[in-house]
Structures are given as C-alpha cells and as structure tokens.
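Please keep the structure open beside the text as you read.

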Amino acid sequence: MSDATLNTREATPEAGFGDYVALLKPRVMSLVVFTALVGLLAAPGYVHPFIAFCAILFIAVGAGASGALNMWWDADIDKLMRRTAKRPVPAGKVMADEALAIGLTLSAMSVVFLWLATNWLAAALLAFTIFFYAVIYTMWLKRWTPQNIVIGGAAGAFPPMIGWAAVTGDVTLESALMFALIFMWTPPHFWALALFINSDYENASVPMLTVTHGKRVTRRHILAYTLVLAPLAVGTAFTAIGGWIYLTVAVVLNAAFLWGTVRIWLRDEAMAEADNYKTEKQVFKLSLLYLFAHFGAILAEAALAPWGIGGW
C-alpha cells in the first residue's frame with residue numbers, strides 16, 4: 001500500500017488557502033471545466049443558465065476531489081519527482097489523512113448535487129470518472145503498466161460527455177467523439193512530456209513507457225497515436241457538433257501536430273539531448289493548444305449556429 005495512507009504527522013498546521021487550492025489540481029480542473037462546458041453548450045436542447053452553472057460547478061468539484069485523492073495516494077512518489085515534490089502533501093503542508101477526507105467529502109458532494117441539479121446519468125458518469133481516476137488509474141494502472149496513461153486517459157476524457165448528459169440525459173455519437181478526441185490525444189501529449197522529464201519517472205519507479213521500453217519505442221508510439229488521432233479529429237467536423245469553423249481549425253492543427261510528432265520520431269537521443277529536447281518541448285506545448293483549440297472550435301460552432309454561421 002502507498003505510504004500516503006499513513007498519517008503525515010510532521011505536516012505543518014500552517015497550510016494556507018493556496019495549499020488547499022493546489023490540492024485540487026487547479027490546472028487539471030481548468031481543462032475539465034472547459035471541456036465539460038463545451039459538452040454542455042454543444043448539446044441539443046435547453047438548460048437553464050443557473051442549472052448549467054451548477055452542473056459545471058459540481059463537475060469541477062468532482063475533478064478537484066479526484067486530484068485530492070490522487071495526491072493522497074501518490075505522496076510517496078510525488079516527493080521523489082522534481083515536478084511534483086512541492087505539492088501540498090509531499091511538501092508537508094497538508095496531512096495525508098486530511099487530503100483523503102477532503103477528497104472523499106468532495107466526491108460525495110459533487111455526485112449527489114449533480115444528480116439533484118441535472119439527472120442520474122450525468123451523476124453516474126461523474127462518480128465513475130472519480131472512481132476511475134482515483135482507483136483504476138492512480139492506485140492500480142499508474143504503478144503497474146506502461147499503458148497507464150493510455151487506459152487512464154479515459155478519466156480525463158469523460159467531462160464533455162458528462163456535460164452533454166447533463167443536458168440530454170443521454171450518451172450519443174457526438175459526446176462519444178468528444179470523449180475519443182481527448183482519449184486519443186492523451187498518450188502523445190503525456191509521452192512528449194515524459195521524453196524530457198524521464199528521470200522523474202525513473203527516480204519514482206513509475207513504469208512510464210519511456211522507462212520500461214525506452215525513448216525510441218516511445219517516439220514510435222507518439223507518432224502511431226497521432227496518426228489515429230488526426231483522422232478522428234478531422235472527421236468530427238462532419239458531425240452535428242462540427243462545421244467549417246471546426247474543420248479549418250482541425251486541418252491546420254492536425255497538420256502541425258502530425259508534423260511535430262514526425263519530427264520527434266525522426267530524432268534520436270543524441271539529437272534531443274544536444275538541444276535540450278527543444279522539439280519535444282515544442283510539441284508538448286502545441287498539444288495543449290491543440291486540445292483547447294479543438295474544443296474552442298466546437299464551442300464556436302454551437303454559439304454561432306443560431307445566427308446561421310458555421311455548420312454546414
């Protein structure tokens with residue numbers, strides 16, 4: 001069992017408000033909120049603005065709960081990685097049992113209140129998402145298989161589906177495509193990051209693909225997933241949530257992302273180390289823009305549809 005299950009008595013009682021905010025992984029939460037909001041606004045049908053606000057709020061709280069549970073369990077390996085050592089629990093600012101209590105409380109609250117505000121399907125999807133991230137990914141996959149980020153990526157892919165279900169009470173092709181877009185984007189996004197912070201995963205004995213199979217294999221996997229992602233992303237333009245605005249964004253960004261991953265594939269470690277992984281860092285940054293721009297285009301299609309702009 002993770003050392004994080006033990007109460008961290010040496011934690012200081014002087015944790016500030018910012019430490020509790022950090023416990024909820026606000027940067028991850030921002031992605032969850034944005035994609036869930038797009039799913040909600042792109043869904044057919046009407047939802048009262050107050051109900052929409054509540055739905056997004058409770059989805060955000062659920063995402064924060066997942067982050068707290070992740071930090072509770074992963075405190076032992078977080079303190080071994082430069083990227084995560086300053087998180088509230090490994091840094092000793094928040095006690096492990098306190099993080100656990102916050103995570104469980106917020107999980108229950110978010111699911112119950114989302115059910116009351118919208119419908120049982122949206123609440124069930126949120127509950128499954130929290131369980132999947134905290135238990136399936138964090139407690140099992142992350143330390144067991146190099147496919148951790150592939151399977152675990154499903155947790156980050158559910159928010160637009162939850163937002164869609166909050167309006168429609170259903171799961172449709174369009175919500176499944178938004179799920180698939182994030183799911184297929186996640187591996188090349190995180191593996192690009194892993195190429196230049198691999199020492200962190202080695203120090204913590206996390207079986208990331210770069211650690212178990214090497215960077216050459218990881219580069220091939222990044223390209224392979226992008227080759228599947230690109231037609232999926234472009235093809236979404238020809239569904240009810242797409243249109244010429246989305247198509248334009250998808251063609252440009254997928255061409256750029258594909259070219260970036262080809263460049264990663266062509267490089268060897270000597271080249272990468274010589275320029276401090278410049279290409280890999282560029283592709284990682286592009287991957288962030290990639291996802292926000294695709295969902296931004298879906299949002300633009302939905303917002304402009306009443307004026308006859310966008311769509312087909």
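## Helices α2 and α9

In this predicted model, the axes of α2 and helix α9 (residues 159-168) come within 7 Å and cross at roughly 35 degrees. Axes here are lines fitted to C-alpha atoms, for helices over the stretch in contact, with angles from 0 to 180 degrees between N-to-C directions. Helices are DSSP runs (H or I, at least four residues), as strands are (E, at least two), numbered from the N terminus.

On the α2 side, the contact (heavy atoms within 4.5 Å) uses Val32, Thr35, Ala36, Gly39, Leu40 and Ala42, and α9 brings Pro159, Pro160, Gly163, Trp164 and Val167. Sorted by class, that gives eight nonpolar, three polar and no charged residues. Nonpolar covers Ala, Val, Leu, Ile, Met, Phe, Trp, Tyr, Cys and Pro; charged covers Asp, Glu, Lys and Arg; the others, Gly among them, are polar.

## Helices α2 and α3

Helix α2 (residues 26-42) also meets helix α3 (residues 49-73): their axes come within 9 Å and cross at roughly 145 degrees. This crossing of α2 and α3 is right-handed. From α2 come Met29, Val32, Val33, Ala36, Leu37 and Leu40, facing α3 residues that include Ala52, Ile56, Ile59 and Gly64. The α2 and α3 contact counts 12 nonpolar, one polar and no charged residues.

## Helices α10 and α13

Helix α10 (residues 173-196) and helix α13 (residues 215-235) have axes that come within 9 Å and cross at roughly 155 degrees. That angle makes α10 roughly antiparallel to α13 (over 145 degrees; under 35 is roughly parallel, 65 to 115 roughly perpendicular, the rest oblique). The two pass in a left-handed crossing.

Among the residues that meet are Leu177, Trp185, Pro188 and Trp191 in α10, with Lys215, Arg219, Tyr225 and Leu232 in α13. By class, the contact holds 16 nonpolar, three polar and two charged residues.

## The whole chain

The protein chain has 16 helices and zero strands. Its C-alpha atoms fill a box of roughly 60 × 50 × 30 Å along the principal axes.

## Confidence and conventions

The average pLDDT (the predictor's confidence in each residue, from 0 to 100) is 93, and 96% of the residues score at least 70. Over residues 1-11, pLDDT is below 50, and this stretch has 22 contacts beyond near neighbours in sequence. Where pLDDT is low, predicted coordinates should not be read in detail.

Residues are numbered from 1 along each chain as its sequence is written, and side-chain values use heavy atoms, leaving out hydrogens and water. Local features need pLDDT of at least 70 and side-chain atom pairs 80 or more, while totals for chains, interfaces and linings use all residues.

Technical notes: A crossing is left-handed if the near helix is turned anticlockwise from the far one by less than a right angle, and right-handed if clockwise.
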